[in-house]
Every structure is written in C-alpha cells, then in structure tokens.
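This briefing is intended for a reader who wishes to relate the sequence to the three-dimensional arrangement. Please keep both in view while reading.

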Amino acid sequence: MISEPFSAIKINGIELPNRFMRSATHEMAADNEGKITERALDIYGRLGRGNIGLVVTGYAYVSPHGQAMAAQFGAHSEEMVPGLRTLAGAVHAGGGRVALQIVHAGSESPFLRKKGITCLAPSFIDGHDIPHREMSGGEVEDIIRGFGAAAERAKMAGFDAVQLHCAHGYLFSQFLSPLRNKRSDMWGGSAEGRRRFHVEVVREVRRRVDTDFPVLIKYGVMDDQEGGTSLEEGIEAATDMVAAGVDAIEVSAGMGGNKGEAGKGALPYLDRAAALKRAVPVPVGVVHGIRNLETVGDILHRGEVDMVSLSRPFIREPGLINRWLEGDRSPARCISCGQCLRVLFEQEAPPDNCCWQEYRARRKA
Ligand SMILES: Cc1cc2nc3c(=O)[nH]c(=O)nc-3n(C[C@H](O)[C@H](O)[C@H](O)COP(=O)(O)O)c2cc1C
C-alpha cells in the first residue's frame, strides 16, 4: 500500500493525521525530582500546536537507578502523575497526540556516575568507563515491574501511548547485545535468553495498560559493533515483542551508533528499518537524518517504512510540519551540527548560532 506524508495512520485505535513523529528528545526540562517544569509545558505546548502526527516526550526514567541524565522527566512514582498530566494536556491543548517515552539507562548513566552511584547492568564488562555491577535476577524483575508501573502512569496521566526506549545502548540494548550480556541465567546465555527481558517487559506493560492502549518501541534493531546484535537476531527479538503486544516500532541505533554526528543527509537506519518492516505486521518508522519532505515522500512511496521521525529539526522549528503544510517545502533549517547533543553530555558550550542557546537561556531564566 502506498502511503503519503500527510495521510493518516492508525496505531491500536489512535489515529495519527500524518506520518510524522517527533522522536523523543530530552530537553533538561524537569526539576531535580523529575517533575515537569513550566519550561517543559512551553516546549510541549508548541509541539502540540505543530500538527505532528505523534509527539514523543524526552525519556522518563522508570526507577531512580535508571536515570540517565540531569533534569530528566521521572515516571518512577505516583507523585509524578499530576505533572505528567499537565504535560499531556499541553500537547492536547494544541490538538496534538503524545506518547511518554520510558527508559532505564542500565550502565549508561553519566548522571549516576557524576553522583558516585554504581549503575546496574546485565553483566559486569571489564573496561567499561562507567562504574557498574551485574544485577541480580530479583533486580531484573524489579525493573520489569518498574516499566509496567511507569506505563500505567502514562495511561493514568492521559497520554495517548507509551514508548519503551529499546535503543541507543541503554538497558534494552545491553540485554540484547552479546557484547554486554554475558549472563548464564534465564536472562542471557542464548539469543533467546538475551531477549527475554524485552518480551517480559512488553508482557508486563501490556498487563498493566490493557489491550487498547498503544505500546510503541524505539528500537536499535542491530548493533554497529563487531560481535554485537546481528540484524537477524534483532528482527527475531522484534517479532517476539510484537507477539507480546507491541503496536509500532521506530527504528534507531543499538549499541555503537547514533553519535549525533551523522544525519547530514544520510539515513543510516533506513535499510534495517525496511528489513524489519518486511518481517513484522505492525507499522515501522525510521529516525535519524530526515530533513526533507521529498525524501519522506520517496521512502513512504517505496513502501520502505510507514512513518518517519525527526528530533533535532523540531528543536529548531517546532512548527516545521505546519510550514510544510502551508506550502513552504524547503528542508528543515536544522543543520545537524549535533551541538544540542554535546550540550546534553556537558562536553562543551554551544556556539552562539546554535539553536540550543535559546533553550539554555530559558532554563536559566
Ligand atoms: C538533544 C537531544 C536529546 C535526545 N533525547 C533523546 C531521548 O530522550 N530519547 C531518545 O530515544 N532519543 C533521544 N535523542 C535522539 C533523537 O531522538 C534521534 O534519534 C536522533 O537525534 C536522530 O534524529 P535526528 O537526526 O532527526 O535528530 C536525543 C537527541 C538529541 C539531539
């Protein structure tokens, strides 16, 4: 079936008016307890007015031990629900739809490292630069329950969907990867064991939100590291997750990709997304480097994916889709400089002409 950028698509009962997603983008817009700030409401209000098919929030941690970065949204306790409700409301007020992205960082938490807290990981990996230890079977089960509870909070707070962050080297990527998961218990030991965490999280989330609430994943279907998860294994894991209740998949990087430098016209994850789409019966999207409406039309026409996601372009232009709808079809103004990502890792200050400046200034205000 041929789809167009501005044709509707249904994901488990919710109708998205077009094929564009705002990919999850952490804006450092929570307070120190993970609660929603006025600045977050401002950002999401603008996105909500932007005619984007689905807005996905910046990642929210499912337990304090899963926090990746400072000023991140929390979804780890009941106390977060009223704030999350205001966030969903800000998007709805503009006519948009919104999914809460939930995450556990595993051993990839610069935030915990800075605090001197040891991260939890599937296995201890010698030489890994962030202090971590292997988690017990009981801790694995706690985290699975944490995802279920966080997804239920998203539903209670009025979100239209939840998205599990199974990409970018965070905990799901760590469990899947033979480079990071050296366990010999039921949570490792074989390809099937390494994806058991994925399947069990989806089952638990489904149990908590019931059948008619959309559950999405952002998924690094393979690793870009020698000896990492292969495309074949990644597709098998996705197939199992879909059988357990996943409704749509946004393809991104697994371990070793997505350094924030790519994206200058290249679509590094399109081929693997197209391969995954051929294997699963649910909508598949792709993120990274999409800047141009013509390209979107082409890849939808060729049937390679069903949806596309953009992150950095919406930092610069929350109204990008409106601009395209109104007839100015020139490419996104984002220059993919990647400064917004570097600022997040506190590696360096952004240059004066970077659009992230505006965010920082408002944060300090
Ligand atoms: C500032 C910044 C924050 C990000 N935060 C998240 C996040 O919270 N969750 C996530 O899955 N990806 C996050 N990403 C990755 C983006 O969603 C996206 O995958 C990546 O930027 C590539 O897409 P783009 O070329 O359209 O920017 C972030 C990226 C940037 C630049």
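The model is predicted. It contains 14 helices and 14 strands, and 51% of the 365 residues of the protein count as buried.

**Overall form**

- Along the principal axes, the C-alpha atoms of the protein occupy a box of roughly 55 × 50 × 40 Å.
- Of the contacts between residues at least 6 apart in sequence, 71% connect residues at least 24 apart.

**Helix H4**

- Helix H4 comprises 20 residues, 137–156. At 1.5 Å a residue this helix should span 28 Å, and its end C-alpha atoms lie 29 Å apart, which agrees.
- The buried residues of H4 include Val140, Ile143, Ile144, Phe147 and Ala151. Glu152 and Arg153 also belong to the buried residues of this helix.
- The cover over the buried residues of H4 includes the strands S5 (60–61), S7 (98–103) and S10 (161–166). Helix H2 (81–93) and helix H7 (196–209) are also among the covering elements.
- Glycine 158 follows H4 and has a positive phi, near 95°.

**Nonpolar core**

- The largest nonpolar core has 101 residues, of which Ala75, Ile102, Phe147 and Val162 touch the most other members. H4 makes the greatest contribution to this core, with seven residues.
- Which residues does phenylalanine 147 touch, not counting residues up to four places away in sequence? They are Val62, Ile102, Leu164, Val201, Glu204 and Val205.

**Ligand surroundings**

- The ligand is surrounded by 24 residues, and the closest are Ser23, Ala24, Tyr59, Ser311 and Arg312.
- By class, the shell around the ligand consists of ten nonpolar, twelve polar and two charged residues.
- At least two residues of the shell come from each of helix H11 (312–316) and helix H13 (339–344). H13 provides the largest share, three residues.

**Arginine 133**

- Arginine 133 is located in strand S9, residues 132–134.
- Is arginine 133 buried or partly exposed? It counts as partly exposed because it has 13 C-beta neighbours inside 10 Å, whereas a buried residue requires 20 or more.
- Its contacts, not counting residues up to four places away in sequence, are Thr118, Leu120, Ala121 and Phe124.

**Leucine 216**

- Leucine 216 is part of strand S11, residues 215–220.
- With 25 other C-beta atoms within 10 Å, leucine 216 is buried.
- Neighbours within four places in sequence aside, leucine 216 is in contact with Ala99, Ala161, Gln163, Asp247, Ala248 and Glu250.
- Leucine 216 and isoleucine 11 lie 205 residues apart in sequence, with 9.1 Å between their C-alpha atoms.

Conventions:
Residues are numbered from 1 along each chain as its sequence is written. This is a predicted model: local features need pLDDT of at least 70, side-chain atom pairs count only at pLDDT 80 or more; totals for chains, interfaces and linings use all residues. Helices (H or I, at least four residues) and strands (E, at least two) are DSSP runs, numbered from the N terminus. The expected span of a helix is 1.5 Å times one less than its number of residues. A residue is buried if 20 or more other C-beta atoms lie within 10 Å of its own, exposed if 12 or fewer, and partly exposed in between; C-beta atoms are placed from the backbone. Two residues are in contact if their C-beta atoms, placed from the backbone, lie within 7 Å. A residue is near a molecule or strand if its C-beta atom, placed from the backbone, lies within 6 Å of it. Ala, Val, Leu, Ile, Met, Phe, Trp, Tyr, Cys and Pro count as nonpolar, Asp, Glu, Lys and Arg as charged, and the others, Gly among them, as polar. A nonpolar core is a set of buried Ala, Val, Leu, Ile, Met, Phe, Trp, Tyr and Cys residues joined through C-beta atoms within 7 Å.
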